[in-house]
Amino acid sequence: MLDMNVKQRTIQSEISISGIGLHTGKAVNMTIKPAPEFHWYKFKRIDLDGEPIVAVDADNVSDTSRGTTISQNGASISTIEHLMAALVGLQVDNVLIEIDGPEVPILDGSSRIFVEKLVETGLVDQEADRDYYEIQDNIVYVEKDRKVEIIAMPLDGYRLTCMIDFNSPVLGSQHASISNITEFKNEISGSRTFCFLHELESLVNHNLIKGGDLSNAIVIVDKEVSREELDKLSGLFNKTVEVANEGILNNIQLRYQNEPARHKLLDMIGDLALVGRPLKGHIMAARPGHTANAAFAKKIKAEIKKDKNRKNLKVYDPNMAPVYDTVQIMKILPHRQPMLMVDKILELSETHVVGLKNVTMNEDIFMGHFPEAPVFPGVLQIEAMAQTGGILVLNTVPDPENWLTLFLKIENARFKNQVTPGDTIIFSCELLEPIRRGIARMKGVGMVGDKVVSEAELMAQIVKVKGN
């Protein structure tokens, strides 16, 4: 369980780490420095003119083919996931990473050395509370062709579960999990990256692992290998290469029986740092990879934006003095009971309108719509929203009683919570753009108290009544 009053943390003093980039083969020097509250993780390319900053953010992901690469301000940083996992796993919130090359050093292929360096320098609490994002509702990401599925569920903590299955007789199906992020240091951080022998050969042939030396990756042998191939690899990496009993090259010994699954979990923790905030929830993933992880981080970011927009929605007092009451509304709208769905107009301007609908058990709809468990239909919520928007549109013409508002399109309609008798729905509609040639586009939101119950984008046209 996470303590929601815990403070943000940074490091006690700066850390210097040097190594080789796995794919570029370039030596790189990196200095991790303390950073202020709400800074999160940012890289600074000190080898480039202007020392551009690259923020760890899902919107900055530029490549996920052989690791996670982020780009911003004309600069890129590759293979960030192992360092990010170390920071998240130790619950460090704010650091600046100065680096003099395009790729984070691979070190031993895990997060262990990063973790050791961070622990050695020490962590320090800051003044502000940790800025968790709490998963409110299930968030699902699916890639059917690759059989990838990731789901985030509400949980008072940060728990992760990962399953991998490569249809390999050697690797098979593996699972890894942690019930709390505090388990990362001992259970996950030392798990090294892995690849299949056929992938290794392809990468070597395409000159794509210039920094690989067989000391920083588990190589899984998923086919019969000739003596000639082993000799070739031995010469390439200047090391005697054989196939061990476990079906892997003898370059390294497994640290865990399920080390590949644990490393996939490590990658997922690191990639989800792209959300830009520490998370609170249970993440379950089947066959994840960098591409799916980055896409899922974007999906969580989108939910954060929606939640922020919802928090910015104004909560109205249904008892406030109305701009129009029911009688005045009927002078503008042609609707009559039982199809008049707006009881009051609470606010009205040139660009927005706020209306009110009292839902009572006496309405005819409940005679047939779930009489034993009455629920106000979503389609009628949209109708009430449209009528509220109609007041806004008709407010732009003289003699509104001589005009009709005909709705042309409904898009992105969503229903968030049930509406039942006794509820009061507050509908707010706002123009998305100025009305042109009698066409209006609006965003509508329905709320009961502080909860969003429905939302939609509406397009309407003003039409003059014949004979007037």
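Colleague: In this predicted model, which residues in α1 meet which residues in α6?

Modeller: On the α1 side they are Glu81, His82, Met84, Ala85 and Val88. Their counterparts in α6 are His263, Leu266, Asp267, Ile269, Gly270 and Asp271. By class, the residues of this contact divide into 5 nonpolar, 3 polar and 3 charged.

Colleague: At what angle do the axes of α1 and α6 cross?

Modeller: An angle from 65 to 115 degrees counts as roughly perpendicular. Helix α1 (residues 81-89) and helix α6 (residues 259-271) have axes that cross at roughly 80° and come within 7 Å. The two helices are therefore roughly perpendicular to each other.

Colleague: Now the sheet. What is the order of its strands?

Modeller: The order is β19-β20-β22-β23-β24-β21, an open sheet of 6 strands with antiparallel pairing. β19 (344-348) and β21 stand at the edges with a single partner strand each, so one side of each has no neighbour in the sheet. From one strand to the next, the twist averages 25°.

Colleague: Which helix packs on the sheet?

Modeller: Helix α9 (residues 378-394) does, touching β19, β20 (352-358), β21, β22 (424-431), β23 and β24. The direction of α9 makes about 135° with that of β21.

Colleague: How many bridges join β23 to β24?

Modeller: Strand β23 (residues 439-448) is joined to β24 by 10 bridges, and the two run antiparallel. Within this pairing, Lys443 stands opposite Glu457 in β24, and Arg441 stands opposite Met459. β23 and β24 form a hairpin with 2 residues between them. Gly449 lies in the turn and has a positive phi of about 65°.

Colleague: In what sense does β21 pair with β24?

Modeller: The sense is antiparallel, with 10 bridges between β21 (residues 403-415) and β24 (residues 451-464). Here Lys409 stands opposite Met459 in β24.

Colleague: Which residues lie nearest the centre of the largest cavity?

Modeller: Val88, Gln91, Arg130, Pro278 and Leu279 do, out of 14 residues in the lining. That lining divides into 11 nonpolar, 1 polar and 2 charged residues. Val88 also belongs to the α1 residues that meet α6.

Definitions and conventions: Residues numbered from 1 in each chain as written. Predicted model: local features only at pLDDT ≥ 70, side-chain atom pairs only at ≥ 80, totals over all residues. Heavy atoms only, no water. Axes fitted to C-alpha atoms, helices over the stretch in contact; angles between N-to-C directions. Helix = DSSP H or I, 4+ residues; strand = E, 2+ residues; numbered from the N terminus. Parallel < 35°, antiparallel > 145°, perpendicular 65-115°, else oblique. Contact = heavy atoms within 4.5 Å. Nonpolar A, V, L, I, M, F, W, Y, C, P; charged D, E, K, R; others polar. Pairing = 2+ DSSP bridges. 1 Å grid on protein atoms, 1.4 Å probe; cavity = no way out; pocket = protein on both sides within 12 Å on 5 of 7 lines; lining within 4 Å.
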